[in-house]
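Good morning, and thank you for making time for this.

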Amino acid sequence: MGQQRSIIHENLNTPTVDRPEVCLEENEAAYIIQEVHEGICGTHIGGRALASKIARAGYYWPTLRRDCMEYVKRCDKCQRFAEGHRAPTKRLHSITSPWLFFKWGVDIFGLLPPTPGQVKFLIVMRSKDKATVHVGRASLVQRKNLDLLQEAQEITHVREYTIKARAARRHDRGVIPRKFEAGDLVLREITQKVETNKLTPAWDGPFRVLEEVGQGAYCLENLDGKKVPRTWNVASLRMYFS
């Protein structure tokens, strides 16, 4: 059960508190929140801590906690110095070979010492699924191993698919989707910093979202209408509340 409060001589009295709490009007409440949060002794604390600090100072109004949470949410400095998102925003899309020998890489080694067959170079062809075929200077044992190549390729392909599917399931468990609409104001994460310290903002902006290109990529523009070069991934953006 919450504490029972009563109004005595325009002051809010709490039975378990020695001194009465002062009820404030709307404009006075806004000033108290601003002064405690970012005034001379303000430390930009969170919404719940801000509400508790104001209550301990002897002030109260019915929407104290809600107003504090909303003020901290829209604080410009708190948004610019906030930590980056840690949870992934999109599902993991693994890239696998659609069929065996889909992609090849070729290396040439030489000059080799003279051989009876006058072979001077060794050509090594490597497929995307890590199977290697040696062409040119191959021994009899190596040529026999080529007969088992298809089976080894299929085993490697299945193993690759299984490992990537397991990694995708582990990744997708922590996904927290984020999506912006055209016209939303966002902050962009600062990735290139000349000097980095605790007083350096982590986010730049605000910018306005023009459109979503696809797969979490967005086109942005400045507030004056100038388009920002290239697209920006949703992982590098956060909503800006003004």
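Which hand does the crossing of H1 and H3 have? The crossing of H1 and H3 is right-handed, where a crossing is called left-handed if the near helix is turned anticlockwise from the far one by less than a right angle, and right-handed if clockwise.

Before I go further, a word on what we are looking at. This is a predicted model, in which local features need pLDDT of at least 70 and side-chain atom pairs count only at pLDDT 80 or more, while totals for chains, interfaces and linings use all residues. Residues are numbered from 1 along each chain as its sequence is written, and side-chain values use heavy atoms, with hydrogens and water left out.

Let me begin with the whole chain. There are 6 helices and 12 strands in the chain, both taken as DSSP runs numbered from the N terminus, with helices being H or I of at least four residues and strands being E of at least two. Of the 242 residues in the chain, 24% are buried, and here buried means under 20% relative accessible area, exposed means over 50%, and partly exposed lies in between, with a 1.4 Å probe and protein chains only. The chain exposes about 17,300 Å², and carbon and sulfur atoms supply 55% of that area, which comes from the Shrake-Rupley method with a 1.4 Å probe, where for residues only the protein chains shown count as cover. Among the contacts in the chain with a separation of 6 or more, 49% are between residues 24 or more positions apart, a contact meaning heavy atoms within 4.5 Å.

Helix H1, residues 26–38, packs with helix H2, residues 47–56, at an angle of about 110°, and their axes are 10 Å apart. H1 is therefore roughly perpendicular to H2, given that angles under 35 degrees count as roughly parallel, over 145 as roughly antiparallel, 65 to 115 as roughly perpendicular and the rest as oblique. The axes themselves are lines fitted to C-alpha atoms, for helices over the stretch in contact, and the angles run from 0 to 180 degrees between N-to-C directions. On the H1 side we find Ile-32, Ile-33, Val-36 and His-37, and these meet Leu-50, Lys-53 and Ile-54 in H2. Sorted by class, the contact of H1 with H2 has 5 nonpolar, 1 polar and 1 charged residues, where Ala, Val, Leu, Ile, Met, Phe, Trp, Tyr, Cys and Pro count as nonpolar, Asp, Glu, Lys and Arg as charged, and the others, Gly among them, as polar.

H2 also packs with helix H3, residues 64–73, at an angle of about 130° and with the axes 8 Å apart, and H2 and H3 are therefore oblique to each other. The residues making this contact include Ala-51 and Ile-54 of H2 and Cys-68 and Met-69 of H3. By class, the contact of H2 with H3 has 8 nonpolar, 1 polar and 2 charged residues.

For the remaining pair, the axes of H1 and H3 come within 11 Å and cross at roughly 55°, so H1 is oblique to H3. Here Ile-33, Gln-34, His-37 and Glu-38 in H1 meet Asp-67, Cys-68, Tyr-71 and Val-72 in H3.

What is the relative accessibility of Ile-54? Ile-54, which is found in helix H2, counts as buried because its relative accessibility is 0%. Leaving out residues up to four places away in sequence, Ile-54 touches Ile-32, Ile-33, Val-36, Tyr-59, Trp-61, Leu-64 and Cys-68. Ile-54 and Ile-32 are 22 residues apart in sequence, yet 7.8 Å apart in space, C-alpha to C-alpha.

Finally, some residues further along the chain. Arg-188 has its place in strand S8, residues 185–189, and counts as buried because its relative accessibility is 15%. Among the residues that Arg-188 touches, beyond four places in sequence, are Trp-203, Phe-207 and Trp-232. Ala-217 lies in strand S10, residues 217–221, and, beyond four places in sequence, its contacts include Glu-211, Thr-231 and Trp-232. Asp-172, in helix H6, residues 149–172, touches Arg-91 and Leu-92, again not counting residues up to four places away in sequence.
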